[in-house]
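Hi,

Here is the structure I promised to pass on to you. Have a look at it first, and then read on for what turned up.

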Amino acid sequence: MAKITLKGNAINTIGELPAKGTKAPCFKLTATDLSEKSLKDFAGSKVVLNIFPSLDTPTCAASVRRFNQMATELNGTKVLAISKDLPFAHARFCTSEGIENVVNLSEFKNSSFGKDYGVEIVDGPLAGLFSRAVVVLDEEGNVIYTQQVPEIVDEPNYDEVLDALK
């Protein structure tokens, strides 16, 4: 379990992020067009998994906006925005915000991502949602960087993510 906080109050995740140097767990998530996407769909590219509780919170929305902006300069890299929000919510958010450079994915059909990546929150008011985390993969799907944001209302460290992609 990762121990994180929500506004200073301790909460826990179901496990730990995948270890650096390991193969990332496969996943099946739903895109905004309701198609199924898996890790295999992004083979050959570096991949940034921006994982968060919900687009309907200011910090999550800010992280998607920031990663969308960063993605314009990340050649050969795909940025995935992953939450339990319905694909319709992802589509609405992206349309209203002009988000075009990230792939939005939802766990609403398949429930293994949060467990396999250790990000499902198991207690407190956000139980069942994802913690805020970033996992970066190389072109072969190996984990090269992870960041479990310790305070869920804080944004990820974007500079560390960029450094991991160099």
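A residue counts as exposed when its relative accessible area is over 50%, and as buried when that area is under 20%. Please keep in mind that this is a predicted model. With a relative accessible area of 54%, Cys26 is therefore exposed. Cys60 has a relative accessible area of 1%, so this residue is buried.

On to the disulfides: searching the whole structure turns up 0 of them. Cys60 takes part in none, and the cysteine sulfur nearest to it, that of Cys94, lies 13 Å away.

Asn104 sits in strand S7, which covers residues 103–106. This asparagine, Asn104, has 7% relative accessibility and so counts as buried. Its side chain makes a polar contact of 3.1 Å with the side chain of His90. Apart from neighbours within four places in sequence, Asn104 is in contact with Thr30, Ala31, Thr32, Ala81, His90 and Cys94.

By type, the lining of the largest pocket splits into 7 nonpolar, 2 polar and 5 charged residues.

Best wishes

Key: Residues are numbered from 1 along each chain as its sequence is written. This is a predicted model: local features need pLDDT of at least 70, side-chain atom pairs count only at pLDDT 80 or more; totals for chains, interfaces and linings use all residues. Side-chain values use heavy atoms; hydrogens and water are left out. A disulfide is a pair of cysteine sulfur atoms within 2.5 Å. Buried means under 20% relative accessible area, exposed over 50%, partly exposed in between (1.4 Å probe, protein chains only). Ala, Val, Leu, Ile, Met, Phe, Trp, Tyr, Cys and Pro count as nonpolar, Asp, Glu, Lys and Arg as charged, and the others, Gly among them, as polar. Helices (H or I, at least four residues) and strands (E, at least two) are DSSP runs, numbered from the N terminus. A polar contact is a pair of N or O atoms within 3.5 Å; within protein, one must be able to donate a hydrogen and the other to accept it, and residues adjacent in sequence count only if both atoms are side-chain atoms. Contact means heavy atoms within 4.5 Å.
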